[in-house]
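Hi everyone, thanks for coming. I'd like to walk you through one model today, so please have a look at it on the screen.

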Amino acid sequence: MSDSDSAIGPGKGKAATPELPTPILEVLNLIKVFPNGRTVLNGISFQVFPEETFVILGGSGCGKSTLLNILIGVLEPTSGEVRIFGENLHRLQGDKLKALHVRCGMLFQSGALIESLSLLGNVHLPLREHYRSVDPAVLMETARLKLRMVGLEEHGSKRPSGISGGMKKRVALARALALDPDLVFADEPTSGLDPVSTQEIDEMFMRLTRRIGAAAIVVTHDIASFFRIAHRAIMLGSERDGALQGRIILQGDTQKFRASDHPIVRRFLDFDRGGQDHLDAVAKCPGGTVRS
Ligand SMILES: Nc1ncnc2c1ncn2[C@@H]1O[C@H](COP(=O)(O)OP(=O)(O)O)[C@@H](O)[C@H]1O
Ligand SMILES: [Mg+2]
């Protein structure tokens with residue numbers, strides 16, 4: 001771990017101690033080679049600590065979704081290990097796997113709402129699946145509270161097709177947080193939204209994950225989002241980066257990314273005007289803090 005890495009997680013703001021917090025998720029030398037021979041991930045290692053927002057950055061096609069799909073157990077790694085809450089994810093089965101699913105929430109890129117269900121029904125679904133012995137009326141009340149949390153209580157009876165893109169993301173967020181998870185995964189949670197809606201969703205995401213004390217692993221290629229939400233991040237190299245393809249180009253907090261003179265990092269961060277405007281604003285700000 002680098003110096004900046006040690007300044008995160010629940011120990012943040014406290015005096016330095018020799019003990020590091022226990023990671024909630026650990027990725028150890030992950031390699032993913034697809035059957036067509038393509039090596040998409042090539043020796044990825046990092047740790048995520050309780051209550052931090054960890055961002056996976058990189059250009060289109062660099063392997064962000066592949067990595068996230070391995071972290072949620074949908075894809076098997078070719079080699080390496082994912083340890084989640086201290087357990088080897090890809091060895092878990094049966095009740096242990098179910099227990100793990102309750103502790104994790106997932107926010108899909110498309111929102112993945114079920115059209116045949118109302119918004120309330122969509123949020124109710126994970127509660128019903130996981131608490132089969134609990135009175136459905138009680139669970140419906142919980143679902144209503146979750147919809148209120150994202151400001152959509154009065155829209156509960158609508159169908160997904162009848163609401164805006166930003167509202168769909170909010171419903172998907174309420175559903176991902178329905179079981180009060182310890183860890184939330186999100187793949188491009190603001191994709192397809194305009195900058196103002198993106199900022200609203202980012203702020204809602206941060207507020208709510210903090211409120212329930214969840215850590216989050218967020219995939220994004222949106223630089224403005226990255227600076228808004230990240231405690232720490234990794235940036236993955238893509239095909240155009242030659243030998244760095246599938247490897248971690250930089251790992252650390254937002255300060256480390258801002259200060260990096262790595263040409264691939266600079267090209268990525270400076271490409272997006274939103275990110276650059278943010279960098280400019282930070283440069284003018286005494287103390288130069290990113291997070292408000
Ligand atoms: N099942 C697969 N078989 C072969 N190649 C794949 C498969 N899934 C993804 N890829 C390739 O892996 C690379 C990374 O994809 P992905 O993880 O979706 O990237 P990102 O989410 O960063 O845009 C892409 O070049 C993609 O074409
Ligand atoms: Mg993707």
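Let's begin with helix 3, residues 119-130, where L119, L120, N122, V123, H124, P126 and L127 are buried. By buried I mean that 20 or more other C-beta atoms lie within 10 Å of the residue's own, with 12 or fewer for exposed, partly exposed in between, and C-beta atoms placed from the backbone. Helices here are DSSP runs of H or I with at least four residues, strands are runs of E with at least two, and both are numbered from the N terminus.

A quick word on the source: this is a predicted model, where local features need pLDDT of at least 70 and side-chain atom pairs count only at pLDDT 80 or more, while totals for chains, interfaces and linings use all residues. Residues are numbered from 1 along each chain as its sequence is written, and chains are lettered from A and ligands numbered from 1 in the order in which they are written.

What covers the buried residues of helix 3? The cover includes helix 4 (136-149) and helix 5.

Take helix 4 to start with. Helix 3 and helix 4 pack with their axes 9 Å apart, at an angle of about 120 degrees. That makes helix 3 oblique to helix 4. For the wording, angles under 35 degrees count as roughly parallel, over 145 as roughly antiparallel, 65 to 115 as roughly perpendicular and the rest as oblique. The axes are lines fitted to C-alpha atoms, for helices over the stretch in contact, and the angles run from 0 to 180 degrees between N-to-C directions. The crossing of these two, helix 3 and helix 4, is right-handed; that term applies if the near helix is turned clockwise from the far one by less than a right angle, and left-handed if anticlockwise.

On the helix 3 side of this contact you'll find L119, L120, V123, H124, L127 and R128, and they meet P136, L139, M140, T142, A143, R144, K146 and L147 in helix 4. Contact here means C-beta atoms, placed from the backbone, within 7 Å. By class, the contact of helix 3 with helix 4 has nine nonpolar, two polar and three charged residues. Ala, Val, Leu, Ile, Met, Phe, Trp, Tyr, Cys and Pro count as nonpolar, Asp, Glu, Lys and Arg as charged, and the others, Gly among them, as polar.

Now for helix 5. The axes of helix 3 and helix 5 cross at roughly 25 degrees and come within 8 Å. That makes helix 3 roughly parallel to helix 5. The residues that meet are L119, N122, V123 and P126 from helix 3 and V171, A174 and R175 from helix 5. Five nonpolar, one polar and one charged residues make up the contact of helix 3 with helix 5.

Helix 5, residues 165-176, also packs with helix 6, residues 195-212, at an angle of about 15 degrees and with axes 10 Å apart. Helix 5 and helix 6 are therefore roughly parallel to each other. In that pairing, G166, K169, R170 and L173 of helix 5 meet S197, E200, I201, M204, F205 and L208 of helix 6. The classes in the contact of helix 5 with helix 6 are five nonpolar, two polar and three charged.

On to strand 8, residues 215-220, where V218 sits. Is V218 buried or exposed? V218 counts as buried because it has 28 C-beta neighbours inside 10 Å. Leaving out residues up to four places away in sequence, V218 touches T53, V55, A186, P189 and I229.

Two loop residues deserve a look too. Most residues other than glycine have a negative phi. E51, in the loop between strand 2 (39-48) and strand 3 (53-57), has a positive phi near 70 degrees. E188, in the loop between strand 7 (183-187) and helix 6, has a positive phi near 45 degrees. E51 is buried, with 20 other C-beta atoms within 10 Å, and E188 is buried with 20 as well.

Finally, the ligand. Around ligand 1 are F34, N36, R38, V40, G58, S60, G61, C62, G63, K64, S65 and T66, where a residue counts if its C-beta atom, placed from the backbone, lies within 6 Å. Helix 1, residues 64-71, gives the largest share of this shell, three residues.

To place all this in the chain: there are 10 helices and 10 strands, and of the 292 residues 42% count as buried. Thanks, and I'm happy to take comments!

Conventions:
Contact = placed C-beta atoms within 7 Å.
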